[in-house]
Amino acid sequence: MAATTPPKVVFEHEGVFIHSSPDESEDQDLISGFLRIVDKDGETLVEYKPLEDADPSNMLCACKDSSSVVEWTQSSEDNPHRPIDHQLSYETEWDMINAVSFRRKVHAHGDGGSNHTNDRNKWAFSFNVCDLRSITVKCEGWSYITFRLKDGTALPAIHFHQGGSATFLDSLRKSVQINESPDDESVLIVSTYSKTFSQSFENLLDDTNYGFVQKFKKDPYTTTLGGFSKVTNYLFDAFRVPELECHQRPSEEVADLLGELIPGLEINQQEEPGFEVITRLDLGPRPEVQRREPVTMEEWAKYQDSEGIITNVPHLKDLIFKGGLCHAVRREAWKFLLGYFPWNSTHEERKLLQKRKTDEYFRMKLQWKSVSEEQERRNSRLRDYRSLIEKDVNRTDRNNKFYEGLDNPGLILLHDILMTYCMYDFDLGYVQGMSDLLSPILFVMENEVDAFWCFVSFMDEMHENFEEQMQGMKTQLIQLSTLLRLLDLAFWNYLEAQDSGYLYFCFRWLLIRFKRELHFQDVLRLWEVMWTRLPCQNFHLLVCCAILDSEKQKIMDRKYGFNEILKHINELSMKLDIEEILSKSEAICMQIKNCKDLPHSVSEILGLNTVTELSTALETSEYGILESPQTSPRCTHRQDHVVSNGHSHLKETTHNGCKVAFIS
């Protein structure tokens with residue numbers, strides 16, 4: 001079992017005070033202490049503790065001048081009362097400290113410090129950010145903050161006499177969503193969520209203690225990797241009005257909230273002119289599909305000539321798509337499928353390529369290996385990347401023998417490859433969830449260098465899923481919605497009626513390509529099938545459609561609502577039959593391809609061969625689809641919009657100046 005991760009201090013600030021009495025008398029006691037934000041066992045805590053070694057005779061006293069500017073004094077005669085000639089920003093901590101002087105507190109009793117420790121300890125508090133409801137921020141020369149918990153408890157106000165409140169709130173925003181109250185600008189409403197919908201990915205993979213919205217809004221990556229079923233109410237509450245309002249948001253405001261969760265997913269509530277409206281189509285019967293046995297080592301060898309060049313690549317890809325690969329073939333075949341090895345390369349060319357790539361890999365690895373501790377202290381991004389990687393590596397596929405146990409060499413390789421990838425693509429660096437994409441590749445390759453370059457190729461395809469703007473995830477969710485409406489409009493309408501039309505319950509499927517939905521060996525089978533790029537592009541979207549097609553009757557018959565749908569989809573994990581899913585996905589593709597009047601937007605999503613003049617310029621499989629190995633999802637951008645007139649919903653795709661829309 002993995003060792004417990006030691007607590008990590010995210011934020012710490014001394015010189016934070018609690019005023020012991022609510023009045024503002026000149027001689028009121030101030031409890032000096034330190035404020036921390038701590039990541040502990042997968043949870044984020046806010047802690048305040050009085051300084052244990054503070055001398056009560058040095059207790060500070062505050063007073064105000066006529067202009068309410070903070071003024072501190074020291075009682076010693078050689079340091080007279082010194083006014084502050086201008087009000088300083090509380091963010092400028094050093095300036096504020098330079099403007100502070102002190103005077104000793106005169107105690108009314110000779111034994112004023114005898115019960116000092118007990119008196120001061122009673123002011124300590126700690127709470128989980130999931131339990132935080134609101135924060136009140138006010139300024140009286142200095143800033144002070146009051147926390148209110150969800151159970152109604154109001155904690156003592158903490159005063160930032162020496163600045164630091166802005167830094168504290170910025171650090172807190174990495175763990176929770178903070179929005180200004182519409183009724184009171186001094187009140188900040190807290191929605192527990194986990195590190196923005198961007199670059200950080202608090203891995204919920206096996207953590208049952210995190211709150212769902214703390215993750216979904218803080219980090220959809222994180223959240224969707226974890227337990228939908230455990231806190232589905234949390235997500236639903238996140239799409240409602242903050243607690244200061246008692247009514248539910250209208251649909252257009254829910255759309256705005258969802259747009260905030262995935263930047264760029266804009267919902268236009270006004271019908272626009274210029275649409276080509278496409279009515280419901282008769283797709284015809286869905287054909288039966290038969291799969292074959294996996295490609296064996298003997299079959300693979302037949303497709304290589306004497307120099308090692310792979311021959312008849314389209315047919316070989318068809319065999320892999322239809323049956324996958326025997327495990328003994330994967331180590332070599334995946335290098336071709338992922339583009340690490342060119343299909344037309346010889347044995348000798350591949351040896352030279354591996355030598356060159358090995359040198360390149362270890363040069364990059366040396367970059368982070370040679371960083372001294374002192375250098376790393378001045379490089380916050382590298383520290384953050386390392387921290388996230390270490391945390392994820394200790395939680396990735398630990399039930400797999402390749403990664404189980406302490407000090408497992410597989411874990412060391414996993415860590416080193418991910419750290420080296422940060423040097424390869426420092427702008428992206430490491431985002432939580434990427435370890436899930438690397439783990440099966442390293443398992444198959446059993447070689448650090450080969451695994452790295454195959455991972456690089458896979459990340460070229462998956463890159464947009466992890467970028468800050470999440471363009472890849474936004475596009476895929478819209479495309480999936482388009483396909484589902486074409487295939488089963490009644491089911492899509494049902495989901496829409498249950499506030500589930502945005503298909504956010506499919507987020508985890510798309511993000512890490514079903515890695516958390518299937519058994520490990522089934523993941524290997526699915527990925528190698530998808531890497532053939534057959535029978536169409538974006539085949540993984542049809543895999544989603546196939547799973548939903550199998551579950552739609554249960555969802556509709558049992559009248560599942562928003563929460564139940566999330567819970568049901570989450571509980572499908574490790575219960576899916578990969579061969580059945582692949583058969584149905586292929587059948588759906590054939591059904592769509594056989595449709596005579598297929599909307600151009602659907603053809604574009606699936607890359608179907610609707611422009612016969614281009615077929616000779618690109619490699620074409622038996623399925624008659626366009627395939628260009630040089631085309632990467634990172635280079636493909638389409639402008640998609642969803643619009644509604646209040647009664648029907650339109651999906652708009654802009655292509656060469658022509659707008660296409662579905663109507664339901």
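**Close-up 1. Helix H15, residues 434-445, and its surroundings.** With 12 residues, H15 reaches 17 Å from its first C-alpha to its last, close to the 16 Å expected at 1.5 Å a residue; the expected span is 1.5 Å times one less than the number of residues. Helices here are DSSP runs (H or I, at least four residues), numbered from the N terminus. This is a predicted model, in which local features need pLDDT of at least 70, side-chain atom pairs count only at pLDDT 80 or more, and totals for chains, interfaces and linings use all residues. Residues are numbered from 1 along each chain as its sequence is written, and side-chain values use heavy atoms, with hydrogens and water left out. Of the 12 residues in H15, 12 are buried (under 20% relative accessible area, 1.4 Å probe, protein chains only). Among the helices covering them are H10 (327-337), H13 (380-393) and H16 (448-466). Just after H15, look for glutamate 446, with a positive phi of about 50°.

**Close-up 2. The kink in helix H21, residues 539-557****.** H21 bends by about 45°, centred on glutamate 551 (the angle between axes fitted to the seven residues ending there and the seven starting there). Just after H21, lysine 559 takes a positive phi of about 55°.

**Close-up 3. Glutamine 591 in helix H23, residues 578-593****.** Glutamine 591 is buried, at 7% relative accessible area. Its side chain makes a polar contact with the side chain of arginine 286 at 2.9 Å (N or O atoms within 3.5 Å; within protein, one must be able to donate a hydrogen and the other to accept it, and residues adjacent in sequence count only if both atoms are side-chain atoms).

Terms used. Helices (H or I, at least four residues) and strands (E, at least two) are DSSP runs, numbered from the N terminus. Buried means under 20% relative accessible area, exposed over 50%, partly exposed in between (1.4 Å probe, protein chains only). Contact means heavy atoms within 4.5 Å.
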